[in-house]
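Here is a walk through one model, written for someone who likes to know the cut-offs. Have the coordinates open and follow along.

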Amino acid sequence: DGMGTMNPLRNAAALAWLGLLAACATDNRHADFARNEQLYADVPFSTKAPGDRAVFVAPLVDARKPLSLPTTERGFPIAYGDDQVWERPVPEMVGEVLQRQLQNSGLFTQVEAAATPEALVLKPTLVSFVTGAAEAVAGSRSFAEVGLRVQVFGPADATGKRAILFEDVYGNRQTTEVALNPVSP
């Protein structure tokens, strides 16, 4: 039924996002994590249960909403980053990383350039991408948080409709240790 290939998808997505989050705590002059291996190195994930279907990865949807984030923690200020520090739009970089990771994972027979009736359709949605630094008594700590909703739709039926086979949200938050000069978020 094809559902057996979804558990490895969960593992690959989680590994990719863990790597991305860890990379967000690295300082570098070329601020494009999709094209700078010092900011993000691809996770060398390859499934032990190769997929039996092709997939089309839809363009990543940016569904981040303005958050009411705390401005202090235990009386110390929190400073948040914004998308302006990146050389390209965050959704574009996240989409590029996801596409590349899926191509190399073996979860699908191939990643299609367009949706075909028999291929699965993966719809990624960026729900969170926050970086910043929180001050403390003896310095500050950097943090980064990413959240991605993944929906996978099955092959198209005779009317062109696709049933949803899988849906989950993956997220992680990475923080550095407190230091006088922590790494850039």
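## R64 and its partner

R64 has a relative accessibility of 23%, so it counts as partly exposed; on this scale buried means under 20% relative accessible area, exposed means over 50%, and partly exposed is in between, with a 1.4 Å probe and protein chains only. R64 forms a salt bridge with D83, and the closest N and O atoms are 2.7 Å apart. That pair links distant parts of the chain: R64 is in the loop between strand 2 (61-62) and strand 3 (72-73), D83 is in the loop between strand 4 and helix 2, and they are 19 residues apart. D83 is partly exposed too, because its relative accessibility is 28%. A salt bridge here takes a side-chain nitrogen of Lys or Arg within 4 Å of a carboxyl oxygen of Asp or Glu.

A word on ground rules: this is a predicted model, where local features need pLDDT of at least 70, side-chain atom pairs count only at pLDDT 80 or more, and totals for chains, interfaces and linings use all residues. Residues are numbered from 1 along each chain as its sequence is written, and side-chain values use heavy atoms, with hydrogens and water left out.

## Overall layout

The protein has two helices and eight strands, and from the N terminus on the order is α-β-β-β-β-α-β-β-β-β. These elements are DSSP runs numbered from the N terminus: helices are H or I with at least four residues, strands are E with at least two.

Of the 185 residues in the protein, 42% are buried. Take the contacts (heavy atoms within 4.5 Å) with a separation of 6 or more: 74% of them are between residues 24 or more positions apart. The protein exposes about 10,000 Å², and carbon and sulfur atoms supply 53% of that; the areas come from the Shrake-Rupley method with a 1.4 Å probe, and for residues only the protein chains shown count as cover.

## The other salt bridges

How many salt bridges does the structure hold? There are eleven. Seven residues, D32, R35, D42, R88, E92, E96 and R100, are linked in a network of them.

R74 and E73 pair up as well, at 3.2 Å from N to O. R74 counts as exposed because its relative accessibility is 74%, whereas E73, at 36%, is partly exposed. Then there is E167 with R149, where the closest N and O atoms are 3.9 Å apart. E167 lies in strand 8 (residues 162-175) and R149 in strand 7 (residues 139-156), so this bridge ties together parts that are 18 residues apart in sequence. Both ends are partly exposed: E167 has a relative accessibility of 44%, and R149 has a relative accessible area of 27%.

## W86 and helix 2

W86 sits in the loop between strand 4 (76-80) and helix 2 (90-105). Buried or exposed, W86? Its relative accessibility is 13%, so W86 counts as buried. Leaving aside neighbours within four places in sequence, W86 is in contact with A31, D32, F33, L39, M93 and F129. The C-alpha atoms of W86 and H30 are 8.5 Å apart, though 56 residues separate the two along the chain.

Helix 2 has 16 residues and reaches 22 Å from its first C-alpha to its last, close to the 22 Å expected at 1.5 Å a residue; the expected span is 1.5 Å times one less than the number of residues. Its buried residues include M93, V94, V97, L98, Q101 and L102. An α-helix has 3.6 residues a turn, so residues three or four places apart point the same way. After helix 2 comes G106, with a positive phi near 80°.

## A nonpolar patch

L67, L69 and Y80 make a nonpolar surface patch of about 250 Å². Patches are built from residues with over 30% relative accessible area and no salt bridge; like charges are joined within 9 Å, nonpolar side chains (Val, Leu, Ile, Met, Phe, Trp, Tyr) within 5 Å. Y80 is in strand 4 and counts as partly exposed, because its relative accessibility is 31%.

The average pLDDT (the predictor's confidence in each residue, from 0 to 100) is 85, and 84% of the residues score at least 70. Where pLDDT is low, the predicted coordinates should not be read in detail.
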